Amino acid sequence: MPAALLRSALLFLMLGLPAQASEQMTTAESAALLRKMGAAARVLNYSGVYLFQRQDSMETFRLAHVFDAAGEQERRESLDGLPREFVRNNDQITCYMPNMKPFQLDRRAANKFFPGIIPDQIVDVLSNYTFRKLNVERVAGYECQVVALDPRDKLRNPHRLCVEPNSGLMLKSAMYNPDRTVQLEQFTFTQLQIGGHIDKQALKPVLANKALPVTPVPRQVAPSPPQLGGDYVEFNSTNVPPGFRLVKETHTQLQGRAAPVLHYLYSDGMATVSVFIEPASNAQVDVPLAQGNVSFYTRQVAGWRITAVGEVPLRTVQLFAQSYVPR
């Protein structure tokens, strides 16, 4: 293409591209949107195929979701790689894989399966993020409103959601690094039907017959908290990053660990951070790592190994790990 013609074409494209509108949403509008999106994902019938991208990996899932007198029922199956399916019966989600025993998923994680967005606390989301309306996009044949969730500080990542305005169903979501220069992960429908009848046959697990039988698990005594030198040790958490709230504290005997592990789970309404504490070993302390949307940091102090991991910037997990000290 001649240079003059190329310049003209580029100028035409630049002039033809509309400036991206940006409209700050009020707190009331933001809260209403979160409630509408949460309700839509739970009480609507919908089915389709969506794509999940993280770094160089990509997975495709087929999804069928029904809400009726029996409540919320759903089945999603992976169409790439290792066969997996997740079958929901209200708050209970069971994962089936060939030649493995079925297992239940944590309810907190299950409530956030795409396109679900049920914040732990809406007030936490509104305290840590501001909402802006951007342009309108078209996803899987539906127009949707793009909404930016801008963090109020550098301790969490920005998000962009695309919401079908009539139903409130989220059709696309993406998470970016704090500078918005790298997209860390994305979910997007590639085919979708909202509403209408969905055959209950589409909800039945097909991998259940290929999974190993579930054997009764003997009742286990809860493990004692980890001890060092025979003495029980408690921890103080000082200067935990602002905007995060402790939502769960457990001590668990993990497979491959000689002693129970303390687990503290924090949430800012959107992102979660886990802090694990266990007796230190002679193993090398892992280097800080940010991979995709997950950051990881560990340190050893006074004979303890403290590890923080979460869907937040690396600086945030560093602050979490450094905030815990033995009493």
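Mentor: Let us begin with a definition: a contact means heavy atoms within 4.5 Å. Cys-162 touches Glu-137, Val-139, Cys-144, Gln-145, Val-146, Leu-169, Met-170, Leu-171 and Lys-172, leaving aside residues up to four places away in sequence. Please note that this is a predicted model, in which local features need pLDDT of at least 70 and side-chain atom pairs count only at pLDDT 80 or more, while totals for chains, interfaces and linings use all residues. Residues are numbered from 1 along each chain as its sequence is written, and side-chain values use heavy atoms, with hydrogens and water left out.

Trainee: Where is the place of Cys-162?

Mentor: Helices (H or I, at least four residues) and strands (E, at least two) are DSSP runs, numbered from the N terminus. Cys-162 is in strand E10.

Trainee: How many disulfides does a search of the whole structure find?

Mentor: A disulfide is a covalent bond between the sulfur atoms of two cysteines. The criterion used is a pair of cysteine sulfur atoms within 2.5 Å. The search of the whole structure finds 1 disulfide, and this joins Cys-144 to Cys-162, with an S to S distance of 2.1 Å. The pair links distant parts of the chain, 18 residues apart: Cys-144 belongs to strand E9 (residues 142–151) and Cys-162 to strand E10 (residues 159–163).

Trainee: Why is the disulfide of Cys-144 and Cys-162 right-handed?

Mentor: The disulfide is right-handed because the torsion about the S-S bond of Cys-144 and Cys-162 is about 90°.

Trainee: Is Cys-144 buried or exposed?

Mentor: Buried means under 20% relative accessible area, exposed over 50%, and partly exposed in between (1.4 Å probe, protein chains only). Cys-144 has a relative accessible area of 1% and is therefore buried. Cys-162, at 1%, counts as buried, and Cys-95, at 2%, counts as buried too. By contrast, Gly-81 has 73% relative accessibility, so Gly-81 counts as exposed. Gly-81 is found in the loop between strand E4 (71–78) and strand E5 (85–89).

Trainee: Which residues touch the most other members of the largest nonpolar core?

Mentor: In soluble globular proteins, nonpolar side chains tend to be buried together. A nonpolar core is a set of buried Ala, Val, Leu, Ile, Met, Phe, Trp, Tyr and Cys residues joined through side-chain atoms within 4.5 Å. Of the 58 residues in the largest one, Phe-131, Phe-189, Tyr-264, Val-275, Ile-277 and Tyr-324 touch the most other members. Helix H2 (residues 27–43) gives the most to this core, with 6 residues. Among the contacts of Val-275 are Tyr-264, Tyr-266, Phe-320 and Tyr-324.

Trainee: How many aromatic pairs does a search of the whole structure find?

Mentor: A pair of aromatic rings is described by the distance of the centres and the angle of the planes. Rings of Phe, Tyr and Trp (its six-membered ring) pair if their centres lie within 6.5 Å; planes under 30 degrees apart count as stacked, over 60 as edge-to-face and the rest as tilted. The search finds 12 aromatic pairs. The rings of Tyr-264 and Tyr-324 have centres 4.9 Å apart and planes at 35°, so this pair is tilted. Tyr-264 lies in strand E17 (residues 261–267) and Tyr-324 in strand E22 (residues 324–326), so the pair ties together parts that are 60 residues apart in sequence. Both Tyr-264 and Tyr-324 are buried.
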